[in-house]
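Please keep the sequence and the model in view while reading.

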Amino acid sequence: MHLAVSEIQDFYLETELGLITSQFINDAIEGMDSFIVRNKTEKEVLIGYGYSTPYLKTLVRNSSEPMYLMSEQQGTFAWLQSGGNRTMLVEETQWPLESEKAHIVIMVHGLETCENPNDLLTEAWRALVPEGYLLVVVPNRSGFWARSDLTPFGNGRPYSLSQLARLLGANRFQITATQAALFYPPSSKRFFLKSSALLERIGKKYATRVMG
């Protein structure tokens, strides 16, 4: 089941929980950036698939060329940056991109709702240059966020870390690093919103990845 892009956009732009969520996931993405060898000699092509607009920007550098791909089941909207619109409506497993075009692909709100995840990962592999990087953000099967309808992470099929590892390995990807985030409850109650930063720090320090 796919959420409409307007529903996901409203969560991130119109709710305090959405703003906090994007902040903590971006913190985790920044931590992953240390494992990525960045291309400094040519313009990097960065591809976001799903609803990646709050996150792909974390990876953008001065020489980067970002593009946002959104599935036809989800819908899209114009995302204007230098050079014009950066969003494109695509079929999930048929991207209108040249092979070996992208240096980094990031999937958010995309893999867990895809009907053919193997085909989607095959398409990401085709689009990536040799030694390119795929970053995947998915809801944790054993976590609270996969069970709540308050956020887009309660939609689609959640994954355990072992399930995700098997899926990626079966599609020729080698896992370089993993991160956990969102240790606070997916709640819009004022107490949890105000204490979210503290709960996130405690979770990262003491909790297992199963809870994130």
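A polar contact is a pair of N or O atoms within 3.5 Å, where within protein one atom must be able to donate a hydrogen and the other to accept it, and where residues adjacent in sequence count only if both atoms are side-chain atoms. The side chains of Glu44 and Arg38 are joined by such a contact, at 2.7 Å. The model is a predicted one, in which local features need pLDDT of at least 70 and side-chain atom pairs count only at pLDDT 80 or more, while totals for chains, interfaces and linings use all residues. Residues are numbered from 1 along each chain as its sequence is written, and side-chain values use heavy atoms, with hydrogens and water left out.

Side chains of opposite charge can pair when their charged atoms come close. With a salt bridge taken as a side-chain nitrogen of Lys or Arg within 4 Å of a carboxyl oxygen of Asp or Glu, a search of the whole structure finds five. Arg38 forms one with Glu44, the closest N and O atoms being 2.7 Å apart, and Asp33 forms one with Arg38, with a closest N to O separation of 3.0 Å. Asp33, Arg38, Glu44 and Arg61 are linked in a network of salt bridges. Both Asp33 and Arg38 are buried, where buried means under 20% relative accessible area, exposed over 50% and partly exposed in between, for a 1.4 Å probe and protein chains only.

Glu44 lies in strand β1 (residues 44–50); strands (E, at least two residues) and helices (H or I, at least four) are DSSP runs, numbered from the N terminus. Glu44 is buried, with a relative accessible area of 2%. Leaving aside neighbours within four places in sequence, Glu44 is in contact (heavy atoms within 4.5 Å) with Arg38, Asn39, Ser63, Ser64, Glu65 and His103.

Another salt bridge joins the side chains of Arg126 and Glu123, at 2.8 Å from N to O. These two residues are three apart in helix α3 (residues 117–127), and so are separated by about one helical turn. Arg126 is partly exposed, at 25% relative accessible area, whereas Glu123 is buried, at 9%.

In helix α4 (residues 161–170), Gln163, Leu164, Leu167 and Leu168 are buried. Seen down the axis of α4, its buried residues fall within an arc of 125°, so they line one face of the helix; the arc is that of the directions from the helix axis to the C-beta atoms. Arg166 and Ala170 are exposed on the other side of α4, while what covers the buried residues includes α3 and β7 (128–137).

The last topic is the aromatic rings. Rings of Phe, Tyr and Trp (its six-membered ring) pair if their centres lie within 6.5 Å, with planes under 30 degrees apart counted as stacked, over 60 as edge-to-face and the rest as tilted. A search of the whole structure finds nine aromatic pairs. Tyr12 and Tyr51 form a stacked pair, 5.6 Å centre to centre with 5° between the planes. This pair links distant parts of the chain, since Tyr12 is in helix α1 (residues 5–14) and Tyr51 in the loop between β1 and β2 (64–71), 39 residues apart. Both Tyr12 and Tyr51 are buried. The rings of Trp125 and Phe173 have centres 5.3 Å apart and planes at 80°, so the pair is edge-to-face.
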